Each structure stands twice: as structure tokens, then as C-alpha cells.
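Here are my notes for you, written as a colleague would jot them down. Keep the picture open while you read, and look up each residue as it comes along.

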Amino acid sequence: PAEPLFRAMASLKKRKRSLEANETSSSSESSSTESEEEIERRRKKKKDKKDKKKKKKTKEKKRCGAEKLTKDDFYNKSAEFRLWLAEKKKIFFDELSSKEAKKFFKKFLKRWNDGKLGDAFYRHTFERTAGVFANEI
């Protein structure tokens, strides 16, 4: 009578060990999956950082090494700004109110910092500028 009971207990122990083994292997599988996901996430982050750096270098290259401008450069870059207004917008600076000038300067700033202006704007070519301003006077 005790023999069937021992068999049943042995069978339960085997089953319990089997379940524990399955849980251990599935948890190790999930941790390995997490580590694969973590590796992939790090790889993507590194690639994004590299792409961002490359994009920044491209913008700097387009600007011919010229510095990035801010709103504070309104007076420092007035010659280039006036040239841009005259050539691209067909507007003379003297015809603008201060509010309009600031609005256009923001557009000029964005294009300058994105490297979308011609090379002449980034180099100090005041010969061209002098010619444009001579027409204003």
C-alpha cells in the first residue's frame, strides 16, 4: 500500500523539478533576449550619435567653416544680411521697419546656420556687397 504512494510522490518531485528547470531556462531566455534588445538599443544610439555628428560636420562644411550665428549678430552681419535681402528677396534694408528687419533676419539666420546660402555669403566678399549698396544710395 505504501509503494503506490512513494511512486506518486516521486512522480510529483520529477514534475516539480521539470517545471523549475523550464522556469529557469525561460527566465534565462528572457534575460538573453533583454540583453540582445539592450545591445540593439545601444547600437542604434551609437549610430544616431554618429549620424548627428556627421550631419553637424556637413552643415559646418556648407558654411565654409563660418561660425554659427545668433540673434545677437544682427549688427555684426548686417553687410551679409543686406546683401541677402537685396539678392534673394529683392528688398532694400532701408525700406523695412525694424520689426520686419528682425523677421527677415530670423530667416537669414536659419539659412546661414543650415548652410543654405551661397559660398559668397560665408566668405568675406565685400566687393560684391559694395556694388549692391552703391545702388541703394
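1. **Before you start.** This is a predicted model, in which local features need pLDDT of at least 70 and side-chain atom pairs count only at pLDDT 80 or more, while totals for chains, interfaces and linings use all residues. Residues are numbered from 1 along each chain as its sequence is written, and side-chain values use heavy atoms, with hydrogens and water left out.

2. **The overall fold.** What does the secondary structure come to? It is 5 helices and 0 strands, so going from the N terminus you read α-α-α-α-α. Helices here are DSSP runs of H or I with at least four residues, strands are runs of E with at least two, and the numbering starts at the N terminus. The protein has 137 residues, and 23% of them count as buried. Buried means under 20% relative accessible area, exposed means over 50%, and partly exposed is in between (1.4 Å probe, protein chains only).

3. **The largest nonpolar core.** A nonpolar core is a set of buried Ala, Val, Leu, Ile, Met, Phe, Trp, Tyr and Cys residues joined through side-chain atoms within 4.5 Å. The largest one has 18 residues, and the members that touch the most others are Phe81, Trp84, Phe104, Phe108, Trp112 and Leu117. Two or more residues each come from helix 2 (78-89), helix 3 (98-114) and helix 4 (119-122). Helix 3 gives the most, with 6 residues.

4. **Helix 2 from the inside.** Have a look at which residues of helix 2 are tucked away: Ala79, Glu80, Phe81, Leu83, Trp84, Leu85 and Ala86 are buried. Phe121 sits in helix 4, and it counts as buried because its relative accessible area is 3%.

5. Ala101 belongs to helix 3. Is Ala101 buried or exposed? Ala101 counts as buried, because its relative accessibility is 3%.

6. **Salt bridges.** How many salt bridges does a search of the whole structure find? There are 7, each being a side-chain nitrogen of Lys or Arg within 4 Å of a carboxyl oxygen of Asp or Glu. The general idea is that side chains of opposite charge can pair when their charged atoms come close. Glu38, Arg41 and Arg42 are linked in a network of such bridges. Lys77 pairs with Glu80, the closest N and O atoms being 3.9 Å apart, and both Lys77 and Glu80 are buried.

7. **A bridge across the chain.** Asp94 and Arg82 meet in a salt bridge at 4.0 Å, N to O. This pair links distant parts of the chain, with Asp94 in the loop between helix 2 and helix 3, Arg82 in helix 2, and 12 residues from one to the other. Asp94 is exposed because its relative accessible area is 57%, whereas Arg82, at 23%, counts as partly exposed.

8. Asp114 is buried, with a relative accessible area of 15%, but Lys110 is exposed at 53%.

9. Helix 2 is followed by Lys90, whose phi is positive, near 60 degrees. Most residues other than glycine have a negative phi. Lys90 is in the loop between helix 2 and helix 3, and it counts as exposed because its relative accessible area is 65%.
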